[in-house]
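Please look over the sequence and the structure shown here. A short report comes after them.

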Amino acid sequence: MIYIVGMGPGAEEQMTGQAIRALEDSDVIVGYPVYLELLGARFREKEFLSTPMRQEVERCRMCFEEALKGKTVSLVCSGDAGIYGMASLMYELKAEYPSGEACELQVVPGITAASSGGAVLGAPIGHDFCVISLSYLLPPWETIEKRLRAAAAGDFAIVIYNPSSRRRADHLQRA
């Protein structure tokens, strides 16, 4: 069994009960090093496996390999595993592994950055809204600009994910 766990914002009190139970039931927890550090002492007895940023495919493969050894595995990601998380990549890679209980996937939802950030600000997404990532690792910047214009024309509140990085220092300002 492989759980794909959305950790929410990272603090244990902001994780769902289902997420905590999945992590407790796991032999191995796989994730980006920062996310594993956020789990703190509670899960210290678990085996932790990690890969650096931009090695998401390798991290997913580690999950399948550990599950094939008979271990229960949790793959952790921030926010919700299905929203800019690891769930879609795990389902894409699942075709390369045998079907059966060992490689069965269960997505465990988490509190999204949109929800937790909105709570801090009050209720900015209390009506129609959309979520747009400014990362151009998959769509080109021109597509992102088109989406931003369409959302603005539709009078949506816009939740922006991945607002900047070292290589995208000006994207939030451009957006």
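The report covers the sheet, the helices on it and the aromatic pairs.

## Basis

This is a predicted model: local features need pLDDT of at least 70, side-chain atom pairs count only at pLDDT 80 or more, and totals for chains, interfaces and linings use all residues. Residues are numbered from 1 along each chain as its sequence is written, and side-chain values use heavy atoms, leaving out hydrogens and water.

## The sheet

Five strands form an open sheet in the order 3-2-4-1-5, with parallel pairing. Strands are DSSP runs (E, at least two residues), as are helices (H or I, at least four), numbered from the N terminus. Two strands pair if DSSP finds at least two bridges between them. Strand 3 (47-50) and strand 5 (105-108) stand at the edges with a single partner strand each, so one side of each has no neighbour in the sheet.

Strand 1 (residues 2-6) runs parallel to strand 5, joined by 4 bridges. Valine 5 stands opposite valine 108 in strand 5.

## Aromatic pairs

The whole structure holds 3 aromatic pairs. Rings of Phe, Tyr and Trp (its six-membered ring) pair if their centres lie within 6.5 Å; planes under 30 degrees apart count as stacked, over 60 as edge-to-face and the rest as tilted. Tyrosine 32 and tyrosine 35 are edge-to-face, at 5.4 Å centre to centre and 70 degrees between the planes.

Tyrosine 84 and tyrosine 161 form a tilted pair, at 5.0 Å and 45 degrees. They sit 77 residues apart. Tyrosine 84 is partly exposed at 47% relative accessible area, while tyrosine 161 is buried at 12%. Buried means under 20%, exposed over 50%, partly exposed in between (1.4 Å probe, protein chains only).
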